[in-house]
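Visitor: Hello! Could you walk me through a few helices and how they pack together?
Guide: Gladly, let us look together.

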Amino acid sequence: MNSYRYNLRVFKSPLLILSLSVVVALGLMSNPAIANTKDSHCRFNGEFKGKEGQLSACIWSDVGKGKWIKFTKRNYASLSTYEKTKFLAYQEIQKLYKSGPLSSISHTYFISKNLPAEFKSRYVNQTERASRYYDQLFPKLVKVNAYYQTEKDEQYIKSHPVLKFDFEMFSSWFKDWNSGKNLDHNIGLAAWYREVEGVTQGHTGVVLGSKSQLKNIRLYSEQVVAHEYFHVVQDYYKFERDRKGYDGEDDFATYYPPIFREGSANTISFGVSMQSFEDYLLLYQVFLAENIGKYQPKIFNSLTNKSKVVSTLNLIEKRSNDPEAHWASYSLGALTFEWFIAKHGIEAFKRLVFNQKLGKTFEENIKISADITLDELYDGAAEHVFLGFNAAKTAKSFS
Ligand SMILES: [Zn+2]
C-alpha cells in the first residue's frame with residue numbers, strides 16, 4: 001500500500017494502482033538448487049500449493065509454459081553467495097518473533113461477510129502472526145484495526161472514515177473482480193497509524209475479490225497482510241513528522257524513500273509470512289521472476305551489472321525521476337534491505353525505523369542508525385540485488 005495521504009498538501013497519484021497491482025507476469029525456471037515437482041501442470045506465475053514451510057510454486061515462461069518449483073533444505077555451506085545473504089537476513093528477521101502473550105498490540109477485526117470463508121481465518125492468522133513480530137516494535141499499547149473486505153463492500157469502504165482515503169484506487173480492481181478477472185490478487189486497503197476524527201490508532205487490511213479462491217491466489221498475496229501491517233509500525237515513528245506535512249511526493253521521499261517505505265516493508269513481510277527459509281527463497285524467486293522477461297518494466301533492463309544497479313537505486317529515489325520508479329522500489333528495495341539486515345543486523349534496522357521519529361531525512365537517519373551513507377547502502381547492496389535478479393532470470397530460462 002502506498003502512503004502519501006498524510007497531509008492535504010500531498011497530492012494523489014494515479015500510479016497508486018500500478019504500485020499495488022503489478023504485472024500479472026509470466027515466467028519459467030530451471031535451477032540446480034531446485035527440485036521440480038512433476039505431478040501436474042501449473043497455470044500461472046506464483047500459483048502455489050503444499051503445506052506452509054514446504055511450499056511449491058509455479059514459474060511461468062514467456063512462451064506459455066509453466067512448471068512447479070520448490071527449494072529443498074540444504075546446509076549453509078551449500079548455499080550460493082546470494083542465498084547465504086538471504087539466510088542471514090531471514091534469521092535476523094525471525095529474532096523479532098515473540099512466542100508469549102503480546103504486550104503492545106490489541107486488535108479489532110472488521111471482516112466482511114462477503115469475504116470467502118477460506119480467507120477469513122487465513123487473514124486473521126496472518127495478522128496474528130505478524131503481530132508476534134511487530135509487538136516489540138511498539139513502545140506502548142497500540143490499538144490496531146484490521147479490515148478484510150471485498151468489492152461487494154464498496155459502500156462500506158466509501159463511507160468509512162478511515163478506508164475512504166484510498167477509495168478511488170480500488171475502482172478498477174472492483175470492476176475486474178465483478179467481471180471475474182484478476183482474482184489472483186489481493187490489494188492493500190489500509191496501512192496507517194494516524195489520527196482520524198480525534199482518535200489515533202493503527203489501521204491495516206486488504207481487499208480481496210469475493211469470488212477469489214485460495215487455489216487461484218498468487219504466493220505474493222500471502223505476504224500482503226504483513227506488508228500493510230508493517231506500514232503501521234513505520235507510521236508510528238513518523239507520526240509527528242506527518243503532522244507537519246510534505247511538499248509533494250519528492251519531499252516525502254527524502255524522508256521515506258520508496259525503497260525504505262515499500263521495499264523494506266516487503267523485506268520484513270516476506271520474512272514474517274514465509275514459515276521456512278525454503279519458502280522464503282521460493283517467494284523471492286517467483287516475485288522477482290515477474291519482473292523479468294517479455295513483460296518486464298523497462299527500468300529492470302538496466303540491472304546488468306553492479307554499477308548499473310547503483311545507478312538505478314539512485315534513479316528510483318524519487319518517483320518524478322521515472323514513471324516506473326515506484327513500482328521498481330518494491331523489488332529493488334526488498335533486496336536492498338535484505339542485504340542491509342544481513343550485514344548490519346535487525347537491531348540496526350530497528351534503529352532506522354525508530355529514528356524516523358527524529359524527523360530527519362533518510363540520508364541523515366541511516367548515518368545516525370547504521371553509520372553508513374546512502375551511497376554506501378547502494379554500493380553495499382548492489383551486488384546482492386544483481387544476484388537476485390540474475391537468479392530469477394536463470395530460473396526463468398527454459399531449457
Ligand atoms: Zn506498501
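Visitor: How far does helix α13 reach from its first C-alpha to its last?
Guide: Keep in mind that this is a predicted model. Helix α13 covers residues 374–396, which makes 23 residues. At 1.5 Å a residue, 33 Å would be expected, and the helix comes close to that with a reach of 32 Å.

Visitor: At which residue does α13 bend?
Guide: The angle of the bend is about 40 degrees. The residue where α13 bends is Ala382.

Visitor: How far apart are the axes of α11 and α13 where they pack?
Guide: Two packed helices are described by the angle between their axes and the distance between the axes. Helix α11 spans residues 325–354, and its angle with α13 is about 115 degrees. The crossing of this pair is right-handed. Their axes are apart by 8 Å.

Visitor: How many nonpolar residues are in the contact of α11 with α13?
Guide: On the α11 side, the residues include Leu332, Trp339 and Phe340, and they meet α13 residues including Leu377, Ala381 and Val385. By class, the contact has 4 polar and 2 charged residues, and the number of nonpolar ones is 7.

Visitor: Which word describes how α2 lies to α9, and why?
Guide: Helix α2 (residues 81–94) and helix α9 (residues 277–289) have axes that come within 11 Å and cross at roughly 120 degrees. Angles from 65 to 115 degrees count as roughly perpendicular and those over 145 as roughly antiparallel, so this crossing falls among the rest. The angle therefore makes α2, relative to α9, oblique.

Methods: Residues are numbered from 1 along each chain as its sequence is written. This is a predicted model: local features need pLDDT of at least 70, side-chain atom pairs count only at pLDDT 80 or more; totals for chains, interfaces and linings use all residues. Helices (H or I, at least four residues) and strands (E, at least two) are DSSP runs, numbered from the N terminus. The expected span of a helix is 1.5 Å times one less than its number of residues. The bend at a residue is the angle between axes fitted to the seven residues ending there and the seven starting there. Axes are lines fitted to C-alpha atoms, for helices over the stretch in contact, and angles run from 0 to 180 degrees between N-to-C directions. A crossing is left-handed if the near helix is turned anticlockwise from the far one by less than a right angle, and right-handed if clockwise. Two residues are in contact if their C-beta atoms, placed from the backbone, lie within 7 Å. Ala, Val, Leu, Ile, Met, Phe, Trp, Tyr, Cys and Pro count as nonpolar, Asp, Glu, Lys and Arg as charged, and the others, Gly among them, as polar. Angles under 35 degrees count as roughly parallel, over 145 as roughly antiparallel, 65 to 115 as roughly perpendicular and the rest as oblique.
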